[in-house]
Amino acid sequence: MIWRIGTRWLPEWFIVMPSTLIRKIEYDPDSRILSVWFVATDQLYEFEDVPPETFAALRSAFAKGRYFNSHIRNRFRYRRSDT
C-alpha cells in the first residue's frame, strides 16, 4: 500500500506521525528492523528483530510514544545510527 503525505507518495512502512516522542518510523519486514527517529534529538535508532505484528500495533496505536515505551523500548536490541 502507498500513502500520500502532502505532495509525496510514501510506502506503507514509512510513517511520519504526530507524537511528542517519535518524529518518524520506518520498518523493513525482510530484516525486521524498526527505525525510529526521536523528536528531542532527531537521532535514529534501529531496533532489531521486531515482529511485523509489533510494527502494525505501533502504527495503529493512538498514543505511539506510550506504545513504544511499553512494548518496544528495553524489549528489543537496538543500535544508534549516525546516518
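Which residue forms a salt bridge with arginine 77, and how far apart are the closest N and O atoms? I looked this up first: the partner is glutamate 48, and the closest N and O atoms are 3.8 Å apart. For my own use, a salt bridge is a side-chain nitrogen of Lys or Arg within 4 Å of a carboxyl oxygen of Asp or Glu.

**Ground rules**

I am working on a predicted model, where local features need pLDDT of at least 70 and side-chain atom pairs count only at pLDDT 80 or more, while totals for chains, interfaces and linings use all residues. I number residues from 1 along each chain as its sequence is written, and my side-chain values use heavy atoms, with hydrogens and water left out.

**Confidence**

I checked pLDDT, the predictor's confidence in each residue, from 0 to 100. The protein chain has a mean of 83, and 77% of its residues reach 70 or more. I then went through the elements; helices (H or I, at least four residues) and strands (E, at least two) are DSSP runs, numbered from the N terminus.

**Salt bridges**

Searching the whole structure, I get five salt bridges. One of them joins aspartate 49 and arginine 32, with 2.9 Å between the closest N and O atoms. Aspartate 49 sits in the loop between strand S6 (44-47) and helix H1 (52-60), and arginine 32 in the loop between strand S4 (22-28) and strand S5 (33-38), so this pair ties together parts that are 17 residues apart in sequence. I also looked at exposure: buried means under 20% relative accessible area, exposed over 50%, and partly exposed in between (1.4 Å probe, protein chains only). Aspartate 49 is partly exposed at 48%, and arginine 32 is partly exposed at 28%.

Back to my opening pair, arginine 77 and glutamate 48. Arginine 77 is in the loop between helix H2 (64-71) and strand S7 (78-81), and glutamate 48 is in the loop between S6 and H1, so the bridge ties together parts that are 29 residues apart in sequence. Arginine 77 is exposed, at 67%, whereas glutamate 48 is partly exposed, at 23%.

Glutamate 48 also meets arginine 79 in a salt bridge, 2.6 Å from N to O. Arginine 79 is in strand S7, so this pair ties together parts that are 31 residues apart in sequence. I noted arginine 79 as partly exposed, at 38%. Through shared partners, salt bridges join Glu46, Glu48, Arg77 and Arg79 into one network.

**Rings**

How many aromatic pairs does the structure hold? I found six. The rule I used: rings of Phe, Tyr and Trp (its six-membered ring) pair if their centres lie within 6.5 Å, and planes under 30 degrees apart count as stacked, over 60 as edge-to-face and the rest as tilted. Phenylalanine 38 and tyrosine 45 make an edge-to-face pair, 5.4 Å centre to centre with 75 degrees between the planes. Phenylalanine 38 is buried at 10%, while tyrosine 45 is partly exposed at 22%. Ring pairs link Phe38, Tyr45, Phe47, Phe68 and Tyr78 into a cluster.

I also checked tryptophan 37: the charged end of lysine 24 sits over its ring, 4.4 Å from the centre. The test for that is NZ of Lys or CZ of Arg within 6 Å of the ring centre and within 35 degrees of the ring normal.

**Helix H1**

Which residues of H1 are buried? I have Thr54, Phe55 and Leu58. They cover an arc of only 100 degrees around the axis, which puts them on the same side of H1. That arc is taken from the directions from the helix axis to the C-beta atoms. On the face turned away from the buried side I see the exposed residues Glu53 and Ser60.

**Positive phi**

Aspartate 42, not a glycine, has a positive phi near 55 degrees. Aspartate 42 lies in the loop between S5 and S6 and is partly exposed at 44%. Asparagine 74 has a positive phi of about 65 degrees, again without being a glycine. I place asparagine 74 in the loop between H2 and S7, exposed at 71%.
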